[in-house]
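Me: I would like to learn how to read a few features in a protein model. Could you take me through them one at a time?

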Amino acid sequence: MSSPRRTILVALLAVILGATLICAPAMAADDEADLRVSIRSLSPSRLVAGSDVTVTGTVANRNDQPWTNVQAYLVIPASPFTTRGQIDQAIENGNAYTGVRIVDVGTFDEVGDLAAGQTSRFRVTVPWERLGITGAEGVYPIGIQILATDADGVRSPTAVARATTFVPLISDTREPVPTSLVWPFLMADHRGVDGDYANPESLLESVSAGGQLRNLLDLASSTPRDAATIVVDPALLVGVDDLAKGRHQPEGFELTDEQRAEVERFLADLLTLARSGPCWILDFGRSDDLALSENPDLRGALSGALDDATETTLTTYQLTGRRVSWPSRDGVTSKLLADVRRGGERPVIVTPSSVPDWERRLGSIVKYESSTGPVPLVVDDRRAAGKASRTYSVATLRQRLLSDAALATLERAINPESRADAVLLVDPVWDPGVRWATGQLSQAFTAPFTQAASLESLLTNTVSPYDGTVPSSAKATPIERAQLESAADVVSNGELLSSIVSQSDRADASRARDVAEAVAIRWRLDRPEGLAIAAARERRTRAELAKISIDAPPSVTLSSSKGGFPLTISNDTGEEIRVGVDLDSSNPALAIPAVKTVEVGAGESRTFTVQINLGTQRATDLTAHLMTNEGKTFGAGTTFKVRSSSISAVLWVAMGLAGVFVLIALARRFHRRRTGRILEPLADDDD
């Protein structure tokens, strides 16, 4: 049979088949089919009377069997959706009713046969008059359904694959509403127990041409700057820079010159985008705010380290922006919001489950009065999208944004006090693909019912109060307290080191990042690894302190009650240190002043003499500890004995008198002997 005749026959069969289905809702996709359909473009982006509707996309065969005679059909209901709940249901349930299948000749696409693993494109164009819609204002779901014959020759009227998007029909006379996109750029890799990055290959791929982060950055850069807010994790800046410069990379991992240029280009482009408009800054590594809130005794020290890690990074890369907190979906409590407020008036990104009394009429940014002051809340209403948001095409994202704006316009028309808007936070792991430009995202901001806005502009305008409840407890489980304790020990050990190291700025920044990485929210998904990393960072700072030691001779004998003895301070670190010495005596009656600060060069030892006055004491045990300028002792002390060989003055007098007595006795004895010798001849004469 010739190709034209075959085409006409297939079309006639489709019309006959469609006649039995045109009045019935489109049915669910076959779970066994595993054909994937994706919408890549939709024209026009909003329905206009008289304009044909064209949808393009791809169909991928993920099966190990072929599908033949594949056809793509457009489905659309006669009446539009007028509530957000209808859209949410259509997104959450892919099998939900989305319209009537249009089977008129020329309105569907003959995709052909699909071998296992093969992907083909489709293009469906339906004239305006064939859409069969009422023309009422609202949001019309438009779907693509795939019919095909399986390997057994069975062809069911049930769609074997489907995809749905939305297209608004709104009068040009409607008042525009604030419309905005939020683009998060988060660090996906991390440094392991050994301090090296765990998966630099993945980060390299992501930031290079065609990678997920590169595509996301290119798409974000293409949107109007006054309609977007960039949310940056400073850990990403450091991680990409480390990748380019070869820092903390596993042994054997090296970049080519071309790869290094790609990485450097990504960092430069991200900074350019972040500096060109509103930029919000997360804590370094995106901390587990719930864990910090539930451990108030550790929160102060850890929050200080997070601030240091974040601020030093921003200074390094010359970036400024508003600080923002982003807890997990089920990890927001009233206490957490109060704790965040203590650190300053920073916005908190929350989900509707955290603010159950929130309504879209309040707007995407509301003000919550915590026990410590007002907290701006940015409500991320992606609950309906869920994981499906990761499979969005750019066209789907555009249409979702336009649909939100259209419904907000209708809401404001009904309720003049409504502050409904269209703010969409993009999934940070979403990959728009290398052909992101075909989605023409910027068209979302040219519609007459949209008004480009950023989170910053919304925040600085009048914000609706949120007077509803916030959960008092969280469903989410934060990282372990033991992990926080190890991180807190890194802070305390680091404070000691910075107080004695002459040039400590670089080391301080590195330790602050160690702490931030150790309390990141990512470790909820890998708790053993998080505990191991925090413990390793603690051991490292403790080992650094142990490189500074003090030694003394085991025993010292003074020639008198006053004298000196040597002490030696060894510095095996790579920096010059300034330390003092605290001397403690076993005899409480003996007070020994502390030794003033001495400087010891990197890798050097210094011996000096300490003077002591034992007074009337014969001996004492001394313990020498290293001491900071603030008077805090640290490290292992050294204990030794000090003796005096001096004799008391009374004993000297006694010994002197004894000597005199001995001399007198000797003199008298000598005198007697001499007298006796003289008298002996006289006696002989008398005889």
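Me: What does the side chain of Thr 573 reach at 3.1 Å?
Reply: Happy to start there, and keep in mind that this is a predicted model. The side chain of Thr 573 reaches the backbone oxygen of Glu 575 at 3.1 Å. A polar contact of 2.6 Å also joins the side chains of Thr 573 and Asn 571.

Me: Where is Thr 573 placed, and is Thr 573 buried or exposed?
Reply: Thr 573 sits in the loop between β21 (562-571) and β22 (577-585). For burial, look at the relative accessible area: under 20% counts as buried. Thr 573 has 8%, so Thr 573 is buried. Beyond its neighbours within four places in sequence, Thr 573 is in contact with Glu 544, Lys 547, Ile 548, Ala 602 and Gly 603.

Me: Which residues does Val 598 touch, not counting residues up to four places away in sequence?
Reply: They are Ile 569, Ile 577, Arg 578, Val 579, Arg 606 and Phe 608. Val 598 itself belongs to strand β23 (residues 595-600) and is buried, with a relative accessible area of 11%. Look at Val 579 too: it is 19 residues from Val 598 along the chain, and their C-alpha atoms are separated by 5.5 Å.

Me: Now sheets, please. In what order do the 3 strands of the open sheet come?
Reply: The general idea is that strands of a sheet pair through backbone hydrogen bonds, either parallel or antiparallel. Here the order is β1-β2-β6, and the pairing is antiparallel. β1 (35-43) and β6 (119-126) stand at the edges with a single partner strand each, so one side of each has no neighbour in the sheet. On average, neighbouring strands of this sheet are turned by 20° against each other, direction ignored.

Me: Over how many bridges do β1 and β2 pair?
Reply: β1 and strand β2 (residues 53-61) pair over 8 bridges, in the antiparallel sense. To follow the pairing on screen, find Ser 38, which stands opposite Thr 58 in β2.

Me: How many aromatic pairs does a search of the whole structure find?
Reply: The search finds 3. One of them is formed by Tyr 368 and Tyr 466, a tilted pair at 6.4 Å centre to centre with 45° between the planes. This pair links distant parts of the chain: Tyr 368 is in strand β14 (residues 365-370) and Tyr 466 in strand β18 (residues 464-466), 98 residues apart. Tyr 368 is buried at 11% relative accessible area, and Tyr 466 is buried at 3%.

Me: Which residue lies over the face of Trp 326?
Reply: That is Arg 286, at 4.2 Å from the ring centre.

Notes
Residues numbered from 1 in each chain as written. Predicted model: local features only at pLDDT ≥ 70, side-chain atom pairs only at ≥ 80, totals over all residues. Heavy atoms only, no water. Helix = DSSP H or I, 4+ residues; strand = E, 2+ residues; numbered from the N terminus. Buried < 20%, exposed > 50% of the residue type's maximum accessible area, 1.4 Å probe, protein only. Polar contact = N/O pair within 3.5 Å; in protein donor to acceptor, adjacent residues only side chain to side chain. Contact = heavy atoms within 4.5 Å. Pairing = 2+ DSSP bridges. Axes fitted to C-alpha atoms, helices over the stretch in contact; angles between N-to-C directions. Phe/Tyr/Trp six-rings, centres within 6.5 Å; stacked < 30°, edge-to-face > 60°. Lys NZ or Arg CZ within 6 Å of the ring centre and 35° of its normal.
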